[in-house]
Amino acid sequence: METQTMTDVLTSLKERFPDAVEPSEYEGVVVAPARLLEVATFLRDELGYRYLSLVSGVDYPQPTARFPARFEVVYHLFRESGGPLTLHVHAERDDPVVPSVVSVWPAANVHERETWDLMGIRFAGHPNLRRILLWEGFEGHPLRKDWHEVYYEADKKPFESRYPNGRPTMAEARSPLGDNLRYPPGWSPQGWQSQAEEAVYAPLEAHLGGDGRRMPTDQVVVNLGPQHPSTHGVLRMVARLDGETIQQLEPVLGYLHRCHEKIGERNTWLANMPYTDRLDYVSSMSNNFGYAIAVEKLLGVEVPERAEYIRVIMAELTRIVRHLISIGSYTSDIGVYLTGMLYALEERELILDLFEMASGSRMMCNYFRFGGVARDLPDGWVALAKELVYERLPRRIDEMERFTFNDVFRARSVGVGVLPADKAIAYGCTGPLLRASGVPYDVRRVEPYSVYGELDWDVAVAYHGDIHDRFVVRFEEMRQSLRIIRQALERMPEGPVLSGKVQPALKVPAGEAYGRVEAPLGELGFYLVSDGSANPHRYRIRAPSFANLGVLGELCKGHLIADVVAILASIDITLGEVDR
Amino acid sequence: MTTQDARLPEVPPELRNNVRIGPLDWLSPLYNWSRKRSLWPLFGGLACCAFEMIAAAAARFDQARFGMEIVRPSPRQADLMIVSGTVTKRMAPQIVRLYNQMPEPKYVIAMGACAISGGPFKEGYNVVSGVDKLIPVDVYVPGCPPRPEALYNAFLALHALWDRERISQLRWYRKDVVDEGVPVPELGPDLVNWRVVEKLGATEE
């Protein structure tokens, strides 16, 4: 049924735009850049593709059988009823320009800025095309295949140069400056001035016009972070205030940009698994899950049933941990200091014990493999898990939920940071943020993966779209997670947990795949392009909290500055994933 | 009455039995003992290790046993900086600025593989290969992330370090040492780390 509708979509696209649309190399269609906006508007308004999930840039330095050497911009679109549609737009390799789709899907804003920053593809008509993860003035666009970092050794791992005579060499020893630094030829610090800070504040002074040097006294620009107790890591925000009211707010990202995608394209497929742990480092099992699903799509392997159940149990336990942490940190942000967090961390430790028993590590589990999980559950694991999900956690979740009836909590959260449903969809928000606005969109339900289709559970939804409802949704989701875990623990069959065996230098058939799961923070997607070798050609991550952060400025407008930390905590971000 | 230090003003004869003038090294054990029980860490996590740092402060592991439960958000009130996570080039100026703002005596723990050397992200174009490229580090804690117990071991290592410290040798009580702080890096075509940029000038000439 789903494939039928998919074919319908492609046929109606071809009927409407016969000369602008042609089939792509692997999935979806190639759209002529000149007609992109028309096609996008048609898809959104008439076929219901209101939800833009991801914009990625792909570099093809070598010509393929059908297309010349090029940059490609890839758009992943979804409808409320699922149905992924992939649009490809080609651009020349020198001076790539593609029309911006921000006017059709505001969600494209942050993704296009990232693509410009890391891939160097310009988006004509983008309202604010600045670097987002690196700073203004950085030399080059790192994700291009011909851009090499300072410690560059070879295009693909494993690096043979690392053991020249049987002994490892240090990366510093190979770099001319003895450090991970490189300056353009002829560059000298004499008379040079950094532009990075001015560029951060420039959009806040845009409303002044002219040279932007005349800051009127009734509005001030303030800076929050990156070292700030309420920014959940190293997020930085710059805001323009009128008194205490936010007029404009811009998140400044990149303080934890760890070059995940560049490193991932050099790693072997399996070597990326532990790196995904460090995306949203609180919910490493969910990240493993998303990556495993995406690679399994390319490989076409089957997962044994026992492994599917173990995966679901682990992912749902992770969801409980993540929501507990989110509630704990929200309470400390609105002034309870550590108490709420201590309640949350107490339960978290018990769940981490289960993770440690199964995987050997508390936080960075690295437990999933392509075609199953790394090892079976140890003896006594199920009994401990049952005790936790039947006895302890339901009581503790009820106890913590009393928090939402607290007067201070309600005063700080009811009616604050309201996000209407249509805006939430337009900005590409997912997860509890979207479901609190009354949109029952959950990847586990619209596109059931693993064994979620066989289990009995409900999608948690609330309708006011304010901070309070986001936490109502989180509490309800934790209860639903417990429901799922209980069913999975009862139904889990005996049997193998891994199909085939683990191959470190696995070769993946050429193709592209977009695998997505419902991570605790929202839709976590992995867009992978394989050229048939042992390393990904493109390894792109759709981080839910990065997309959700795009709406922060809108949510904060008109609120007091004290509400910013509350709104930020209710969106719930993890910087490891935002900056990657 | 000990020997009169030539640098200090003359003490009147009637007071000579009341004050002790000279090196205060006999106070070092007391000084170090009291510091061990009131070490205030700087609030602020960088990356994944921050969550193990928070777990170390929470109920199961209970950092309050060390007198360290007071985590200060302001560097002006902190004695210890726990660099808990990857130091990116973009974050480097802030790390150095925070370090410079902390009052002496101050200590730095590099927590986790990333803070020690860049860890799994070492080859990344935006990653500093170890926080010791920027600021001096006292204790390194290996692990990715280290368990809370490993972090406690670092605190104990810091205590052991203090057992060897004597007041007269501490640089922040000495008048001949002028502390200008660490030069703050800037963001240019790459991170402008002044310690390395000096080398750049040297190679050009």
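Which residues lie nearest the centre of the second largest pocket? They are Asn109(A), Leu249(A), Glu250(A), Gly550(A) and Gly553(A), out of 23 lining residues. The model is predicted, so to speak of local features we need pLDDT of at least 70, and side-chain atom pairs count only at pLDDT 80 or more, while totals for chains, interfaces and linings use all residues. Residues are numbered from 1 along each chain as its sequence is written, chains are lettered from A in the order in which they are written, and side-chain values use heavy atoms, without hydrogens and water.

A pocket here is an open set of points on a 1 Å grid over the protein atoms alone, where a 1.4 Å probe fits, with protein on both sides within 12 Å along at least five of seven lines; lining residues have an atom within 4 Å of a point. In the second largest pocket, strand E10(A) gives the largest share of the lining, 5 residues.

Now the largest pocket. Its lining has 42 residues, and those nearest its centre include Leu338(A) and Phe43(B). Helix H9(A) gives the most to this lining, with 6 residues.

Last, the interface. In contact (heavy atoms within 4.5 Å) are 51 residues of chain B and 66 residues of chain A. Arg90(B), Glu123(B) and Tyr125(B) supply 18% of the area that chain B buries against chain A, where buried area is the accessible area (1.4 Å probe) lost when two parts are put together, summed over both. Arg362(A) and Glu52(B) form a salt bridge at 2.8 Å, N to O; the term needs a side-chain nitrogen of Lys or Arg within 4 Å of a carboxyl oxygen of Asp or Glu.

Notes. Helices (H or I, at least four residues) and strands (E, at least two) are DSSP runs, numbered from the N terminus.
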